[in-house]
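Here are a few notes to go with your first look at this structure. Have it open beside you as you read.

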Amino acid sequence: MDFERLVVWQRAVDLSVHIYSHFSDSKDFGFKDQITRSSLSIPSNIAEGMVRRSDKEKLNFINIAQGSCAELRTQVLIGIRINYIPNDLGDVWMQETRELGSMLFGLAKSI
């Protein structure tokens, strides 16, 4: 399967781009590094998994993407609470991570 056609991959890329853009001027390099890495990990692991030959390998990378999605949701929540992320934007990102998690679950079931 061509991973670029997967809506879950496309949406994960878009979310990562938005997060990178939002934190581009952040001086808290530790937080910035963590949240951008977890956002980047989601589409990266989807891509890597979908080019693997065996279903077992595919599922392993999809599971890693799911973990990164949960990690990102945690970091967004913390970002909201420490006022690095406005509530309205954080709510959008929280919802997107929930939807991506559900989509990844569905992708794993289809494999």
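Predicted model: local features only at pLDDT ≥ 70, side-chain atom pairs only at ≥ 80, totals over all residues.

A term to start with: a polar contact is a pair of N or O atoms within 3.5 Å; within protein, one atom must be able to donate a hydrogen and the other to accept it, and residues adjacent in sequence count only if both atoms are side-chain atoms.

Residues are numbered from 1 along each chain as its sequence is written, and side-chain values use heavy atoms, with hydrogens and water left out.

1. Let's begin with Ser41. The side chains of Ser41 and Ser68 are joined by a polar contact of 2.7 Å. Ser41 belongs to helix 2; helices here are DSSP runs of H or I with at least four residues, numbered from the N terminus. Is Ser41 buried or exposed? With 17% relative accessibility, Ser41 counts as buried, because buried means under 20% relative accessible area, with exposed being over 50% and partly exposed in between (1.4 Å probe, protein chains only). To get a sense of distance, look at Ile80: 39 residues separate Ser41 and Ile80 along the chain, and their C-alpha atoms are 21 Å apart.

2. Ser39 is also worth a click. Ser39 sits in helix 2 and is buried, at 1% relative accessibility. Its side chain reaches the backbone oxygen of Thr36 at 2.9 Å. Which residues touch Ser39, leaving aside neighbours within four places in sequence? They are Ser16, Ile19, Tyr20 and Leu72, where contact means heavy atoms within 4.5 Å.

3. Now turn to helix 4, which covers residues 87–110. Helix 4 has 24 residues and spans 35 Å from its first C-alpha to its last, close to the expected 34 Å. That expected span is 1.5 Å times one less than the number of residues. The buried residues of helix 4 are Gly90, Trp93, Met94, Glu96, Thr97, Leu100, Leu104, Leu107 and Ala108. What do they pack against? Their partners are helix 1 (7–22), helix 2 (29–50) and helix 3 (55–81).

4. Ile62 is in helix 3 and has a relative accessible area of 0%, so it is buried. Setting aside neighbours within four places in sequence, Ile62 contacts Ile46, Met50, Leu104, Leu107, Ala108 and Ile111. Leu104, Leu107 and Ala108 are among the buried residues of helix 4.

5. How many salt bridges does a search of the whole structure find? The count is 5, a salt bridge being a side-chain nitrogen of Lys or Arg within 4 Å of a carboxyl oxygen of Asp or Glu. One of them joins the side chains of Glu99 and Arg11 (2.4 Å, N to O). That pair links distant parts of the chain, with Glu99 in helix 4 and Arg11 in helix 1, 88 residues apart. Glu99 is partly exposed at 31% relative accessible area, and Arg11 is partly exposed at 25%.

6. The side chain of Arg52 meets that of Glu48 at 2.7 Å, N to O, and that of Glu57 at 3.3 Å, N to O. Salt bridges that share partners also join Arg11, Glu96 and Glu99 into one network. Arg52 is partly exposed, with a relative accessible area of 27%. Glu48 is partly exposed at 33%, and Glu57 is partly exposed at 33% too.

7. Finally, have a look at the loop between helix 3 and helix 4. Asn83 is found there, and Tyr84 has its place there. Most residues other than glycine have a negative phi. The phi of Asn83 is near 65°, a positive value in a non-glycine residue. Asn83 is exposed, with a relative accessible area of 69%, whereas Tyr84 is partly exposed at 33%. Ile78, Ile82 and Tyr84 form a nonpolar surface patch with about 240 Å² of accessible area together. Patches are made of residues with over 30% relative accessible area and no salt bridge; like charges are joined within 9 Å, and nonpolar side chains (Val, Leu, Ile, Met, Phe, Trp, Tyr) within 5 Å. The accessible areas come from the Shrake-Rupley method with a 1.4 Å probe, and for residues only the protein chains shown count as cover.

Notes: Helix = DSSP H or I, 4+ residues; strand = E, 2+ residues; numbered from the N terminus.
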